[in-house]
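Work through the exercises below using the structure shown. Each task is followed by its solution.

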Amino acid sequence: MSKSTINYYVDMATFLPFCSLLFTGIIMLIYHTGKPYVATTLGQDGDFWRDSHIVSALISLVMITIHLSLHLSWFKKLFTGKLKNKYWLRNLMLVVVFSFTFLTSLITWLLLEESNMETLLLGIHNKLGLLLIIFIAIHLLSYFKWLMNMTKKAFHINSL
């Protein structure tokens, strides 16, 4: 199996957990802006949505790590300034926004509990998460033609 085909399947496997992450993240915005965690949204309380968001995030993190490992030489070039393609700045910004989104959640989850700093970092995390959605959408659109071609190959479709 070619590296491109493996990358395609990893990307497809990443899509569902990322959609779950996106969906639960949007619901968590409701709780982060003051809705009590005991109140329900779509039949579930805030603790359920937080836990679902964390599980989706961990699965997405593993899948994104696998995705980036398939592009290790590209990833190294991205940070050394040797990457020469039209998407390098978008991809660099995506990596930076993703990293800070992850770090702000990790710090609040592991180190801070019900403090002003936690509230501040959750607010930053929320805004970075929304920005990350935009960058992921741009990333997917940038590689849309490749995704369509790989989908055609994967399903043996002559024309979509």
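**Exercise 1.** At what angle do α1 and α2 pack, and how far apart are their axes?

*Solution.* Step 1: α1 and α2 pack at about 150°, and their axes are 8 Å apart. Axes are lines fitted to C-alpha atoms, for helices over the stretch in contact, with angles from 0 to 180 degrees between N-to-C directions; helices are DSSP runs (H or I, at least four residues) numbered from the N terminus.
Step 2: α1 is therefore roughly antiparallel to α2 (angles over 145 degrees count as such).
Step 3: α1 passes α2 in a left-handed crossing, where the near helix is turned anticlockwise from the far one by less than a right angle.
Step 4: The contact of α1 with α2 has 15 nonpolar, 11 polar and two charged residues (nonpolar: Ala, Val, Leu, Ile, Met, Phe, Trp, Tyr, Cys, Pro; charged: Asp, Glu, Lys, Arg; polar: the others, Gly among them).

The model is predicted, with local features needing pLDDT of at least 70 and side-chain atom pairs 80 or more, while totals for chains, interfaces and linings use all residues. Residues are numbered from 1 along each chain as its sequence is written, and side-chain values use heavy atoms, without hydrogens and water.

**Exercise 2.** Describe the largest pocket by volume and lining.

*Solution.* Step 1: Its volume is about 1,100 Å³ (the space filled by probe spheres set on grid points joined across faces, edges and corners). A pocket is an open set of points on a 1 Å grid over the protein atoms alone, where a 1.4 Å probe fits, with protein on both sides within 12 Å along at least five of seven lines; lining residues have an atom within 4 Å of a point.
Step 2: Of the 40 lining residues, H32, H53, S105, L122 and H125 lie nearest the centre of the largest pocket.
Step 3: α5 gives the most to this lining, 10 residues.

How values were computed:
Helix = DSSP H or I, 4+ residues; strand = E, 2+ residues; numbered from the N terminus. Parallel < 35°, antiparallel > 145°, perpendicular 65-115°, else oblique.
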